[in-house]
Amino acid sequence: MSEHRTPPPVSTMLMRGLFEENPIFRLALSLCPAVAVTTAVKNGLMLGVAVLVVQVLSSMSGSLVKHIINPKIRIPVFTLLIAIWVSAMDMILAAYFADVYQQVGLYVKLIVAFAIIISRMELFSMKHSVVPCFWDGLGMGLGFLVGLVLAGAFRELLGSGSIFGIAVLPFKPLLLVVLPAGGFFTIGLIMALFNWVDIKRGHKLPAGGGGAHG
Amino acid sequence: MTCIPGKPVVDQAPPSAREMMIIAIGLTAVCLVAAMILGGLYFFTQPAKEHNLHMREEAMIRGLLGLTPQARIQEVRRYLKREGKDVQVIYLTGKKLAQLELDGKEVAALDVPNDVAIAGAAEIKDEWVKTQVKVSNPEHLKYAGRFFVGIEGTQPVGYVVEGVTLGFKTWIRFFMAIDSAFTIQGVEIIEHEEDPGLGAEIVQRYFKNQFAGRSFEDIEKISVTKDPLPKEWQLALEQLGDMPFRPWLEKHREMLPKNPNIYAITGSTISSTAVTVGIKTALGNFRKRMNIVGNYL
């Protein structure tokens, strides 16, 4: 396992996270936080940035330590690495970004259990060196961020009639979408959109997400 | 270990002593580095974190009471001591640590050292109280709530009481500002987990400001109504916060008797009632307690 595979081009690594293997809409990973925080664009954006940073740092550090740890204990070590970066994020946000922390503090701690992060470490960081891991982590993190922002915008606009907390509609068109059940409807609708785009492009993606992992 | 269908699973050889050593050393190394990173970060960020929390509370209290920048805020913490059937109430004010019977009879009163009185962190105060109050089991002394006194010069000008009430799902924590005649000056929701778009509307001015300007007697008989919120009253409620409490009350005083009850948020009667009941209880308790603790401020 020690020799590196040739990494795919940077554009492929970035696009894979954004579209083909989008963590939320293609792989259907970490749906729970995706539903919980996307009641407003701002919350989605802030948690998205936190996940992006943790994903990039975890992927890179996973790649760094893979030669010095025995593969038998890679899962506990990966969990530990994610926990380090999540705790670090938590402390830094609480100390220097108090307003943001008040909104997303509860969810930042939960990043430690996000399936997408450990799955990228296991599938990508174990086989590649640090620099491709940075791009892969960035792509996956961006995919998650874009997903949260999309869902947040849809739900805030329809459920509260506002965007970024600024009222754009004088009424609430569909209160249901901002409630937890509406979160699932929203994710499902955007998932359908992703599948529709895929069919329009000639149905190149493997069914149910997953597939090629580099 | 490979697992091929139809073939028996091959037992994995137990790791050799050398392999086990490498695993142990690898895990230890990763944990050590982790501990160092986190320890360092904690050391640098913790003071900032506590400072933020303290500043946020202080800014909220100053805003609610409309204090001048020279004014001082004194925290008063309340503890309960239980030894069998014997229950005592303990108040830690800026000057005294008062140990009282439930009916208000003084058991003991100690002077509070200055460094404890002005300490920002709650832990410092709680630790000091634990060293002063004798209990057979540390579990028998419990923190039971707090309020703040706004002091201009040497004169108390108002109080902010922290209260909790059971909301739709879990606790709603709020600050309630009161003047010395027990009239409510404002309410601020600190923490809640009500549903967004429904119960979460309790943080909006058009709901929380409905309590402002009400006297103790008003609050005692206040109830929640499902009538629609009159437009004129809503506009008035939205102004409190942009303008201080006193001028706001002068401007809109005649509207209070016209709107004697709290208008519930549409679709969130439970959250609206929860806050109203919480305010009622907190104000009633505070008045009873002030009769006693007022002597020790």
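Which element supplies the largest share of the lining of the second largest pocket? The answer is β8(B), with four residues. The model is a predicted one, in which local features need pLDDT of at least 70 and side-chain atom pairs count only at pLDDT 80 or more, while totals for chains, interfaces and linings use all residues. Residues are numbered from 1 along each chain as its sequence is written, chains are lettered from A and ligands numbered from 1 in the order in which they are written, and side-chain values use heavy atoms, with hydrogens and water left out.

The second largest pocket has a volume of about 400 Å³. A pocket here is an open set of points on a 1 Å grid over the protein atoms alone where a 1.4 Å probe fits, with protein on both sides within 12 Å along at least five of seven lines. Its volume is the space filled by probe spheres set on the points, which are joined across faces, edges and corners. The lining (residues with an atom within 4 Å of a point) counts 22 residues, and B:Gly63, B:Leu64, B:Leu65, B:Gly66 and B:Phe245 lie nearest the centre. At least two lining residues come from each of α1 (17-65), β6 (155-166), β8 (184-191), α4 (205-208) and α7 (245-252) of chain B. Helices (H or I, at least four residues) and strands (E, at least two) are DSSP runs, numbered from the N terminus. Sorted by class, the lining holds 10 nonpolar, seven polar and five charged residues. For that sorting, Ala, Val, Leu, Ile, Met, Phe, Trp, Tyr, Cys and Pro count as nonpolar, Asp, Glu, Lys and Arg as charged, and the others, Gly among them, as polar.

Now for the rings. Rings of Phe, Tyr and Trp (its six-membered ring) pair if their centres lie within 6.5 Å; planes under 30 degrees apart are stacked, over 60 edge-to-face and the rest tilted. By this rule there are 14 aromatic pairs over all chains. One of them joins B:Phe147 and B:Tyr159, edge-to-face, at 6.4 Å centre to centre and with 70° between the planes. This pair links distant parts of the chain, 12 residues apart: B:Phe147 sits in strand β5 (residues 141-152) of chain B, and B:Tyr159 in strand β6 of chain B. B:Phe147 is buried (under 20% relative accessible area, against over 50% for exposed and in between for partly exposed, with a 1.4 Å probe and protein chains only), at 7%. B:Tyr159 is buried too, at 8%. The rings of B:Phe207 and B:Phe211 have centres 5.9 Å apart and planes at 85°, so they are edge-to-face, and both residues are buried.

Ring pairs also tie B:Phe147, B:Tyr159, B:Phe182, B:Phe216 and B:Phe286 into a cluster. Over the ring of B:Phe216 sits the charged end of B:Arg287, 4.3 Å from the ring centre (the rule asks for NZ of Lys or CZ of Arg within 6 Å of the centre and within 35 degrees of the ring normal).

Then come the strands, which pair if DSSP finds at least two bridges between them. Strand β1 (residues 72-83) of chain B runs antiparallel to β5(B), joined by 10 bridges, and B:Leu80 has B:Lys142 as its bridge partner there. Seven bridges join β1(B) to the antiparallel strand β2 (residues 86-92) of chain B. In their hairpin, with two residues between the strands, B:Gly84 takes a positive phi near 65°.
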